[in-house]
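Please look over the sequence and the model below before reading on.

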Amino acid sequence: MGRPGGAEVQGLGGAEVQGRGGMDLRVLGGRPGGVTALHVDDGLETRGRLVVVGNGMAGARFVEEVLERGGDEQFCITVFGDEPHGNYNRIMLSPVLAGESHEDEIVLNSHDWYADNGVTLRAGVRVERIDTAAKQVHADDGTVTPYDHLVLATGSYSFVPPMTGVRRDDGSLLPGVYGFRTIDETRAMLEATGRCRRAVVMGGGLLGLEAARALQGHGLQVELVHAMPWLMNAQLDAEAGAILKRSVESLGITVHLDVLATEVLGADSVEGVLLKDGRRLDCDLLVVAAGVRPHTDVAVRSGLEVERAIVVDDQLRTEDPDVYAIGECAQHRGEVYGLVAPAWEHAKVLADVLTGTDPDAEYTGSRTATKLKVAGVDVAVMGVSTPERDDDEFLVISEPKRGVHLSVVIRDDKLVGATLLGDTRKVAFLTQAFDRGAPLPEERIRLLVDLSDGVEEVGVAEMPADSQVCNCNGVSKGDICGAVAGGCGSVGEVMDRTRAGKGCGSCKSLVKQIVEWAADGDLAEDPAASWYVPGIPLAKPELTAAIREQDLRSVSAVFAALAPAGKEDAKSKMGLTSLLKMIWGADFIPQKDGEFINDRVHANIQRDGTFSVVPQMKGGVTTPAQLRRIADVAEKYEVPMVKVTGGQRIDLLGVRKEDLPAMWSDLGMPSGYAYGKSMRTVKTCVGSDFCRFGLGDSTQLGIDLETRFQGIEGPAKIKMAVVGCPRNCAEAYVKDVGVVAIGNGKWEVYVGGAAGATVRKGDLLATVGSPEEVTTLTGRFVQYYRENANWLERTYDFVPRVGLEAVREVLADDGLCADLDAGIQRSVDAYTDPWGQDGADPATPGQFRPALPLVALPKVPVR
Amino acid sequence: MSAPHLEAARPTTSGTELGTPATDVPGGTVAAGPGVEHVVGRLDEIPMGEGRAYVAGGVQVAVFRLRDGSLHATQAACPHAGGPLADGQTDVDVLVCPLHLLAYRWSDGAATSGAAPIRLFPVREQDGDVVVTV
């Protein structure tokens with residue numbers, strides 16, 4: 001045996017028998033000498049005679065399926081196997097050749113297994129022909145075996161293309177030339193790796209690539225010759241094949257494509273191959289893995305119908321009613337499969353039919369999906385690899401440098417094919433979509449990559465029940481499933497019940513997926529999903545139109561006119577206030593009860609009921625005088641914490657509500673709007689004034705932007721940044737609006753960026769030639785977002801939802817832009833500093849009264 | 001390590017630490033009082049649709065005056081994390097706590113999310129005064 005240190009594992013049987021060539025051959029899954037199976041006298045046998053020709057992946061699995069259905073009561077089973085071994089996993093020959101698996105590990109059914117199950121295994125006996133009239137099997141050992149039912153599972157053999165010198169006169173292969181199909185061939189190759197130095201592998205399909213990789217792993221110099229223009233041409237398209245070639249070559253394997261070998265050189269053993277273009281490749285080991293051909297000679301000799309393989313119907317029956325064919329030797333509806341999954345499906349169906357478990361069972365074809373690792377590269381292939389019809393959708397992501405090539409073919413909203421090379425993380429979802437026709441995401445790219453949110457990497461079905469879905473509220477997948485089981489019939493109900501998705505909101509889509517999965521289709525359509533706020537049954541465009549038409553200027557007026565039965569809804573008030581402010585500007589009629597507490601008192605509520613105070617500090621630029629004043633105020637009001645914020649400002653935390661007006665007055669600075677669903681800050685870098693690298697005056701532009709758009713309310717908060725060069729010190733690439741100076745007076749404007757629970761680089765909206773154009777463009781984008789985004793929808797969701805192209809089209813339309821300019825100007829004009837306003841004169845009685853008044857507690861003696 | 005800048009910390013509500021929820025009054029444990037009526041303030045101190053907090057017989061209460069004219073009273077601190085309920089938003093059905101947006105039904109005090117309920121107190125207006133029974 002070639003494998004060094006190959007220990008004999010008695011449990012699996014290590015019987016040495018005298019092989020055909022006179023060599024000592026170890027029988028894989030063999031039986032210790034002297035043990036024989038007991039045979040019942042044929043004369044006493046009342047069971048039907050079931051004979052299986054072929055002891056490979058299909059034949060042996062079929063026997064297992066029959067036994068599983070209690071078939072040993074009905075049938076006396078005989079299995080013929082060409083190889084002397086028990087049944088082994090042929091798929092695992094590659095790891096055996098690579099030295100990663102021991103051959104004993106790949107045994108599926110040992111000789112003992114057959115004996116224990118009363119199955120007669122005729123291992124090492126080749127069937128020559130079948131007399132279908134007499135219903136007898138003639139084997140090469142001269143025996144004749146009668147049958148009632150015959151199953152052909154003869155599989156395939158390695159195809160050796162016609163080449164001068166590849167065979168000796170007696171028809172056997174020239175020494176040093178090997179197929180890669182059986183354990184014996186694998187053993188011989190393993191043995192040869194010890195003395196050979198250069199190998200040529202013919203065939204750039206799966207087997208060829210695996211052989212090449214394995215041999216290279218044994219230290220051989222390996223060249224791979226493939227007759228087709230790209231590797232794995234049966235499974236991959238040209239582009240993916242090219243990327244695979246790079247990956248294979250990076251392992252140190254030389255690849256020759258689109259060339260045939262015409263001659264094998266060497267008299268006593270192989271010395272090289274000659275290619276059609278005249279090149280000569282020297283080698284002392286030649287592996288032929290140029291495809292397989294179905295083993296049909298027995299069927300042909302027996303007069304059965306054979307085309308590319310043995311023709312069978314939907315019950316795997318040949319034209320003879322008592323002869324069946326399964327696995328790679330069968331041709332069903334014109335298809336011949338070279339994968340194990342269809343063979344196993346054949347085995348199941350035929351076992352159902354023959355045992356009578358389901359006499360009407362039918363096999364209607366397989367949708368083949370495979371996931372494998374070829375030459376160290378992950379590959380998953382299912383269905384078609386390229387579009388076939390005009391209206392097929394075809395999405396390709398190609399990253400040659402990373403060795404990644406992903407593609408999907410979609411027909412009529414169903415996945416009909418996918419190819420994943422180098423990155424198979426999405427295979428679980430795609431396989432489901434392919435097998436079951438599951439609905440596909442509208443954004444097709446999500447089929448292939450997880451956009452920004454890594455949580456979706458695992459399909460929801462595979463997620464463990466205890467995995468946390470909503471990190472804000474600590475809700476697990478199990479909690480969500482429990483809510484569904486407990487009667488919640490819509491995503492909204494589940495979110496209300498569990499509070500999943502009610503924190504930062506970044507998990508909402510995952511929550512939705514899990515609810516849909518848990519409800520398994522039994523889910524009420526949530527009509528409220530399209531409403532702008534839950535209490536008014538209108539989407540934003542219709543709601544906006546109704547507000548304008550009916551001249552509704554306050555939140556209570558909107559409820560009275562548009563809510564069902566005129567009923568107020570607490571959770572709708574904040575969104576309506578925002579929308580009305582946007583629509584009416586200074587003509588909006590404010591109602592404090594329509595505002596969230598933060599907006600009522602112009603500060604951000606903290607966990608202990610105190611507030612944070614953030615004065616405006618445009619562009620993050622301050623002065624010693626301003627800092628001194630902030631310091632004085634902080635001391636005067638005993639501010640528990642002074643903190644520099646991420647938005648380049650100073651936060652005074654832990655302020656009592658009742659102290660807010662006096663503090664604002666002492667600060668004498670405007671509100672920084674660090675609390676609202678509104679324009680927050682514009683971060684800047686030091687730009688061109690001091691920075692050695694600055695390409696534009698980002699500081700001034702940031703201050704100008706903040707001055708113009710200060711306090712403008714939106715569907716959600718809006719954060720901006722301006723940087724003086726692409727080094728991005730103020731993180732403009734991940735802002736709702738980010739501006740980057742790129743020199744020569746030019747500025748790039750990015751939109752839809754995020755660096756919160758979601759991280760997303762903004763999309764480049766446009767490159768413009770002056771700060772004024774930046775300001776105009778920013779105003780138009782912000783207004784378009786304000787008018788069209790859903791309540792609480794950040795730009796990083798909004799921009800991908802409507803599409804960057806749609807945004808660009810709007811901004812290219814002069815008429816629309818004039819409206820946007822007018823809209824944003826109305827809001828700019830309506831700006832007043834809330835601190836200056838309410839500080840002096842409260843908007844409502846008790847606006848700044850404590851909400852948790854002190855209660856006189858009984859005095860406890862201090863120790 | 002001492003933190004001198006934190007020495008001035010004085011929580012809004014006594015008995016709590018800096019940065020912790022404002023009260024340690026957990027849900028459901030608000031003791032049932034003897035049912036005594038307390039005048040806590042004037043009705044016109046409460047803006048329409050809003051809530052204000054009072055102390056009634058040593059108990060913190062939040063009183064809400066809805067736009068339909070109805071009054072509601074509840075414990076002032078949210079049983080979930082001590083949020084100031086008087087700062088919440090409300091409608092005829094529910095009160096929403098400002099800290100984590102848990103909603104409580106006015107009909108029985110139950111949380112729509114299944115969390116611990118709030119305690120409700122009888123409240124009425126008498127000659128412009130707000131009268132809470134604790």
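A crossing of two helices is called left-handed if the near helix is turned anticlockwise from the far one by less than a right angle, and right-handed if it is turned clockwise. Helices (H or I, at least four residues) and strands (E, at least two) are DSSP runs, numbered from the N terminus. The model is a predicted one, in which local features need pLDDT of at least 70 and side-chain atom pairs count only at pLDDT 80 or more, while totals for chains, interfaces and linings use all residues. Residues are numbered from 1 along each chain as its sequence is written, and chains are lettered from A and ligands numbered from 1 in the order in which they are written.

**The two chains**

- Chain A contains 26 helices and 42 strands, whereas chain B has 0 helices and 10 strands, so that chain B, read along its sequence, follows the pattern β-β-β-β-β-β-β-β-β-β.
- Of the 863 residues of chain A, 46% count as buried, and of the 134 residues of chain B, 45% do; a residue is buried if 20 or more other C-beta atoms lie within 10 Å of its own, exposed if 12 or fewer do, and partly exposed in between, with C-beta atoms placed from the backbone.
- Two residues are in contact if their C-beta atoms, placed from the backbone, lie within 7 Å, and among the contacts in chain A with a separation of 6 or more, 62% are between residues 24 or more positions apart.
- In chain B, 42% of the contacts between residues at least 6 apart in sequence join residues at least 24 apart.

**Paired strands in chain A**

- Strand 3 (residues 48-53) of chain A pairs in the parallel sense with strand 4 (residues 75-81) of chain A over 6 bridges, where two strands are said to pair if DSSP finds at least two bridges between them.
- Strand 3 of chain A is also joined by 4 bridges to strand 11 (residues 149-152) of chain A, and these two strands run parallel.
- A:Val52 has a bridge partner in each of these neighbours, namely A:Val79 in strand 4 of chain A and A:Val151 in strand 11 of chain A.
- Strand 36 (residues 679-684) of chain A is largely enclosed by the rest of the structure, because 6 of its 6 residues are buried.
- Strand 36 of chain A pairs in the parallel sense with strand 37 (residues 718-723) of chain A over 4 bridges, and in strand 37 of chain A the bridge partner of A:Lys683 is A:Ala721.

**Helix packing in chain A**

- Helix 11 (residues 477-485) of chain A packs against helix 13 (residues 508-519) of chain A at an angle of about 50°, with their axes 9 Å apart; axes are lines fitted to C-alpha atoms, for helices over the stretch in contact, and angles run from 0 to 180 degrees between N-to-C directions.
- Helix 11 and helix 13 of chain A are therefore oblique to each other, given that angles under 35 degrees count as roughly parallel, over 145 as roughly antiparallel, 65 to 115 as roughly perpendicular and the rest as oblique.
- Helix 11 of chain A passes helix 13 of chain A in a right-handed crossing, and A:Lys477, A:Ile480, A:Cys481 and A:Val484 of helix 11 meet A:Val511, A:Ile514, A:Val515, A:Ala518 and A:Ala519 of helix 13.
- By class, this contact of helix 11 with helix 13 of chain A has 8 nonpolar, no polar and 1 charged residues, where Ala, Val, Leu, Ile, Met, Phe, Trp, Tyr, Cys and Pro count as nonpolar, Asp, Glu, Lys and Arg as charged, and the others, Gly among them, as polar.
- The axes of helix 21 (residues 698-709) and helix 22 (residues 771-788) of chain A come within 11 Å and cross at roughly 40°, and these two helices are therefore oblique to each other.
- Helix 21 of chain A passes helix 22 of chain A in a right-handed crossing, and the residues of their contact divide into 6 nonpolar, 2 polar and 2 charged.

**A sheet in chain B**

- In chain B, 3 strands form an open sheet in the order 5-6-7, with antiparallel pairing, and its edge strands, each pairing on one side only, are strand 5 (89-90) and strand 7 (103-105) of chain B.
- Strand 5 of chain B pairs with strand 6 (residues 94-96) of chain B over 2 bridges, and B:Gln89 has B:Val96 in strand 6 as its bridge partner.

**Around A:Thr355**

- A:Thr355 is found in helix 9 (residues 340-355) of chain A and is buried, because 22 other C-beta atoms lie within 10 Å.
- The C-alpha atoms of A:Thr355 and A:Gln74, 281 residues apart along the chain, are separated by 7.4 Å.
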